[in-house]
Amino acid sequence: YREFKRQRRLQCADRDFGGSCQYEDSGELLTGREEVLSKFSITKDQKKLAVCMAVTCVAAIMLNHYSHFVGDAFNHHFSFATGERLTGLGSVIEPMKIHYQTWSGRTYPHFFLQLILASGHGEEMFNVLNGIIYTIFGALLYFHGNPRGKFNGVLYWCIHFILWLLIPWYGMMFFTEACSVNYVWGTTLMLAVLLVYRCYQMEICDFSGVGRGIGITVLSALAG
């Protein structure tokens, strides 16, 4: 947020790359090219967070690899309409209508699960995708707890430790197909949408405007 306010105070004499910009408060001069590059610079805190997320992602993918099909995951390999093995996108759409009417309203997570399982490389694809989503899920919890503070490694790893300690059947909930798409994927989408509102309320980000308002409304509806 401080960086955002600092950039707002920036007065540019020439917006071309060859021009220069001057800060009102310090008189520091930056060329236009340096100004653009500075916006894409990575801070030390961002690097530390990226390393932690990479470690989390690798560990999650490994845990997914050693977590095999259980319970409903077997059922999702087959059509809810005909009972035949799913073979592609065409074999998933119609059974989802039957699924919605007879089994559950959790249509969109089960749709993506069946689509992945019908691809022919479902387990390998799910292991990687779920590892990434689990990492994003943990990062969103971290951002909600530390929305604009400096990087806090203790907080980041405590979040994952508490998830392991307090969530019943941790492995099944986070790393098996049927459970993770219902509880982790859906919750990740909810946390992402809620983070937008949190940032707006704390004036970290600006989401004003009709287009952005419509986009957030649609995402909020999808998140439930």
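**Reading helices, rings and surface in a predicted model**

Mentor: Let's start with the layout: the protein has 11 helices and three strands, where helices (H or I, at least four residues) and strands (E, at least two) are DSSP runs numbered from the N terminus. This is a predicted model, so local features need pLDDT of at least 70 and side-chain atom pairs count only at pLDDT 80 or more, while totals for chains, interfaces and linings use all residues. Residues are numbered from 1 along each chain as its sequence is written, and side-chain values use heavy atoms, with hydrogens and water left out.

Trainee: What pattern does the protein follow along the sequence?

Mentor: Reading along the sequence, you get α-β-β-β-α-α-α-α-α-α-α-α-α-α.

Trainee: How do I read burial, and what share of the residues counts as buried?

Mentor: Buried means under 20% relative accessible area, exposed over 50%, and partly exposed in between (1.4 Å probe, protein chains only). Here, 33% of the 224 residues count as buried.

Trainee: And disulfides? How many does the count come to?

Mentor: A disulfide is a covalent bond between the sulfur atoms of two cysteines. The rule asks for a pair of cysteine sulfur atoms within 2.5 Å, and by that rule the count is zero. As for individual cysteines, Cys-52 is buried because its relative accessibility is 10%, and Cys-57 is buried at 16%.

Trainee: Now the aromatics. How many pairs does the count come to?

Mentor: A pair of aromatic rings is described by the distance of the centres and the angle of the planes. Rings of Phe, Tyr and Trp (its six-membered ring) pair if their centres lie within 6.5 Å; planes under 30 degrees apart count as stacked, over 60 as edge-to-face and the rest as tilted. By this rule there are 12 aromatic pairs. One of them joins Tyr-134 and Phe-174: the ring centres are 5.4 Å apart and the planes at 80°, so call it edge-to-face. Tyr-134 sits in helix 7 (residues 122-145) and Phe-174 in helix 9 (residues 170-175), so the pair ties together parts that are 40 residues apart in sequence. Both Tyr-134 and Phe-174 are buried.

Trainee: How does the Tyr-142 and Tyr-156 pair look, stacked or edge-to-face?

Mentor: Edge-to-face, because the centres are 5.9 Å apart and the planes are at 65°. Tyr-142 belongs to helix 7 and Tyr-156 to helix 8, so this pair links parts 14 residues apart in sequence. Tyr-142 is buried at 3% relative accessible area, and Tyr-156 is buried at 1%.

Trainee: What does Leu-141 touch, leaving aside neighbours within four places in sequence?

Mentor: Contact means heavy atoms within 4.5 Å. Leu-141, in helix 7, is in contact with Ile-159, Leu-163 and Leu-191. Leu-141 counts as partly exposed because its relative accessibility is 26%. Asn-127 is another helix 7 residue; Asn-127 is buried at 7% and touches Ile-61, Asn-64 and His-65, not counting residues up to four places away.
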